[in-house]
Amino acid sequence: MILGRGSILHTLVGCCAAFFLSGCGGGGSLSTTPPPAGTPSVSLTNVVSGLDHPVGLQVADDGSGRIFIVEQTGKIRIINSGVLVATPFLDISGMVHFDGGEQGLLGLAFHPNYTQHPLFYVDYDRTLPGGQLQTVIAEYQLSADPNQANAGSERILLTINQPQANHKGGQLAFGPDGFLYIAMGDGGVSSNGQSLNTLLGKILRIGVDSPFSAGLQYQVPADNPFVAGGGLAEIWAYGFRNPWRFSFERGGTRLFLGDVGQDSYEEVDLVMKGLNYGWDTMEGAHCYNPPSGCNMTGLTLPITEYTHSSGGVVVIAGFVYHGSAIPGLAGIYVFGDFGNGKIFGLTENPPGTFTSSELMSTGRNISSFGQDGAGELYVVDYSGSVLKIVAQ
């Protein structure tokens, strides 16, 4: 699987240990709690099956109601009116390096003004002649058929050499500011998280519309934190290990991110401009390098964390719920864990203090969450299914 803790992850798939996720209120002490009063009982209903290693779910803001599914093997599929369309929207499997592990086609984002600019963006891994691994951020155009991309229209925006086969991140998302945010893992080299001279272990922020910055195929936003020096200009935030999934809150500006842990802790972060989220000095809210007495000056702690010893395996970031079908879930951040298949709700009360509780145990290998145009939430099961979160 592609999510994060090296080759041992295959042995952890299906772990179902008893587990409570603990809220730490900005890195404070952990506590286990039942769901807050009024939290609804929720369950999953199947939407489609028969997918090949699905790792992402996106929608285009075009009013069509279609759902687009990212298959790690190199295809993007369409769900239209609850039916999986037979012909892929895009098939670049011949270009994508899928190794059965953490590489492949990992991310998809549609242009924020898709109806006027029918463009979309992907994050995938490839192997160059000679064996160099590389992450590619590329733009594609729509064909005359709205269910078919123009596979020959690729425009590569950015390539990033990878030192090892793991920790690729892969999420793409446009922020409310219209810029493209890119999650990059540390590439299997833990020190990359703290180095501002590499794009690995970072959240990047670029513009996709011309005019482009000199010598580049994208814009470097003038207000990125290191434009004037001190680090690479594309960096928005740093100190990450494997930020597999993140999302912007619907109707807001907050960026919630799940960073996959090393030995002991999984974490959820609230990401802001220029901040350092600690890896590899810290894992979660705890010293990692060195294991005690680390210098925490200038580091931003997670808003919640949970332990591997309590059954956690790989955190899967989700979304703040702002749909209408489950009123009791409103404003709760929904996320899960790949290995134990549990889904959690993170409640903020008072502002800045977050408490987590278990919403359901699915028995699924959750690789991603998704959100449709109405704000309803979906679960992507790496075994080949897409399911919708509904009131029980």
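How many disulfides does the count come to? By the rule that a disulfide is a pair of cysteine sulfur atoms within 2.5 Å, the count comes to one disulfide.

This is a predicted model, in which local features need pLDDT of at least 70 and side-chain atom pairs count only at pLDDT 80 or more, while totals for chains, interfaces and linings use all residues. Residues are numbered from 1 along each chain as its sequence is written, and side-chain values use heavy atoms, with hydrogens and water left out.

**The disulfide**

The disulfide joins Cys 287 to Cys 294, with 2.1 Å from S to S, and the link is left-handed, with -80 degrees about the S-S bond. To describe how far a residue is covered, buried means under 20% relative accessible area, exposed means over 50%, and partly exposed lies in between, using a 1.4 Å probe and protein chains only. Cys 287 counts as partly exposed because its relative accessibility is 24%, whereas Cys 294 has a relative accessible area of 10% and is therefore buried.

**Two pockets**

Pockets are found on a 1 Å grid over the protein atoms alone: a pocket is an open set of points where a 1.4 Å probe fits, with protein on both sides within 12 Å along at least five of seven lines, and its lining residues have an atom within 4 Å of a point. Grid points are joined across faces, edges and corners, and a volume is the space filled by probe spheres set on the points. For the classes in the table, Ala, Val, Leu, Ile, Met, Phe, Trp, Tyr, Cys and Pro count as nonpolar, Asp, Glu, Lys and Arg as charged, and the others, Gly among them, as polar.

| Pocket | Space | Lining by class |
|---|---|---|
| Largest pocket | about 940 Å³ | 21 nonpolar, 15 polar, seven charged residues |
| Second largest pocket | about 170 Å³ | eight nonpolar, one polar, three charged residues |

The largest pocket is lined by 43 residues, and those nearest its centre are Gln 58, Val 59, Phe 174, Arg 250 and Gln 371. Several strands give two or more residues to this lining, among them strand 3 (54-58), strand 12 (172-174) and strand 26 (366-371), where strands are DSSP runs (E, at least two residues) numbered from the N terminus. The largest share, five residues, comes from strand 8. The residues that line the second largest pocket include Arg 205, Trp 236, Phe 248 and Met 272.

Three bridges join strand 12 to strand 13 (residues 180-184), and Leu 172 stands opposite Ile 182 in strand 13.

**Backbone details in loops**

The peptide bond from Trp 279 to Asp 280 is cis, with omega near 10 degrees, and Asp 280 lies in the loop between strand 18 (265-271) and strand 19 (282-283). A cis peptide bond also runs from Asn 349 to Pro 350, with omega near 0 degrees.

His 53, a residue other than glycine, has a positive phi near 50 degrees and lies in the loop between strand 2 (42-48) and strand 3. His 167 has a positive phi too, near 60 degrees, and lies in the loop between strand 11 (149-162) and strand 12. His 53 is partly exposed, with a relative accessible area of 28%, whereas His 167 counts as buried at 5% relative accessibility.

Definitions and conventions:
Helix = DSSP H or I, 4+ residues; strand = E, 2+ residues; numbered from the N terminus. Pairing = 2+ DSSP bridges.
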